[in-house]
Amino acid sequence: MTDESPEQRQFRLTRRRLLQQAGIAAATVSVGGALTACGPNEPAGQVSQDTNAEQFPPVTPTQAPTNHSVTSFFTQDEAATVDAIVARLIPGDETDPGAREAAVPVFIDTKLAQFESFATPTYFDAPFAKPVGYPPGPQENGASTGAILVQASELPRYGFQSSATPQDAYRKGLAALDTFTTKNHGKRFANLDEASQDAVLSVLEAGKAGGWPEAKGFFKMVLEDTYEGMFADPSYGGNRGYAGWNLIGYLGAQRAYTAYELQHGPQEKHVQSLRDMPAMNPGVPQGNAITPMAGMGAMPGMQPIKKG
């Protein structure tokens, strides 16, 4: 066994940490497909032992590689900073793609440009959810205090909690990050060496960036979006070349699995996106939004749904 350099060790531990924190469930973000079938003695989410997902012929990616000169939301400096952050959260190279190679910055940029908000707009106004370690019970004064107590384990159910939009949070957070690194390291984050970038991100994650109380929340926001961009369906701009899915052995959007495949693993399937999924009934127009590629016309005799 050859000795690892500190950089190689950091890379290996970071990749392992990614899989532990993101989990197999991250692969289903914006996918709409089922996890790959497993053999009887295999943990959920893994491909059967007689199947190697990396050997499946991939479909040509639909999105272009990361390019700082082409953005929809970020400025050039912001794009460079986001690119540097995600490259340290999930490191990689051309032979073993990480977040940068998987076009995660494109995913985040597109997400911010296309969606005014990521959750119910109601949560932009007080009262905001405040996590506690116990069931708080009924509360009558939430409106007057500006906060409602929520058990910490239930907090994800309450959506985006801030008076700032995600766009505002990114723009202000990226500016604050460069201010922090310029003050403490003499350079913008994107211009720091990788070891310094890792040290800065560790400080943010621990919430110890003095004078920047929102640092931990900013780190968490970018980390979650990085996971989404790495494992979401490629049609959303990230996961280029199915880098994230190949990393965990996930086949993506599949119409169905046969009884044999449920027992022994996928047979003659390749990794594919929602865009590449074949029509349920080729040539027959479909009248629902779940399978739009099968045709947008209504079925014979189908009546339009009335609203109101």
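**Exercise 1. Find which residues leucine 204 touches, leaving out residues up to four places away in sequence.**

Solution. Begin with the meaning of contact, which is heavy atoms within 4.5 Å. By that criterion, leucine 204 touches Leu177, Ala209, Trp212, Ala215, Lys216, Phe218 and Phe219. The model is predicted, so that local features need pLDDT of at least 70 and side-chain atom pairs count only at pLDDT 80 or more, while totals for chains, interfaces and linings use all residues. Residues are numbered from 1 along each chain as its sequence is written, and side-chain values use heavy atoms, with hydrogens and water left out.

Helices (H or I, at least four residues) and strands (E, at least two) are DSSP runs numbered from the N terminus.

**Exercise 2. Work out which residues of helix H3 are buried, and against which helices they pack.**

Solution. Within H3 (residues 104–114), the buried residues are Val104, Pro105, Phe107, Ile108, Asp109, Lys111 and Leu112. These residues pack against helix H2 (76–89), helix H5 (166–185) and helix H7 (215–231).

**Exercise 3. Describe how H2 and H5 are arranged, and name the residues that make their contact.**

Solution. First take the axes, which are lines fitted to C-alpha atoms, for helices over the stretch in contact, with angles running from 0 to 180 degrees between N-to-C directions. The axes of H2 and H5 come within 10 Å and cross at roughly 80°. The two helices are therefore roughly perpendicular to each other, a description that covers angles of 65 to 115 degrees. The contact is made by Glu78, Thr81, Val82 and Ile85 of H2 together with Arg171, Leu174, Leu177 and Asp178 of H5.

**Exercise 4. Decide whether leucine 274 is buried, partly exposed or exposed.**

Solution. Leucine 274 is found in the segment after helix H9 (259–264). Because its relative accessibility is 23%, leucine 274 counts as partly exposed.

Key: Buried means under 20% relative accessible area, exposed over 50%, partly exposed in between (1.4 Å probe, protein chains only). Angles under 35 degrees count as roughly parallel, over 145 as roughly antiparallel, 65 to 115 as roughly perpendicular and the rest as oblique.
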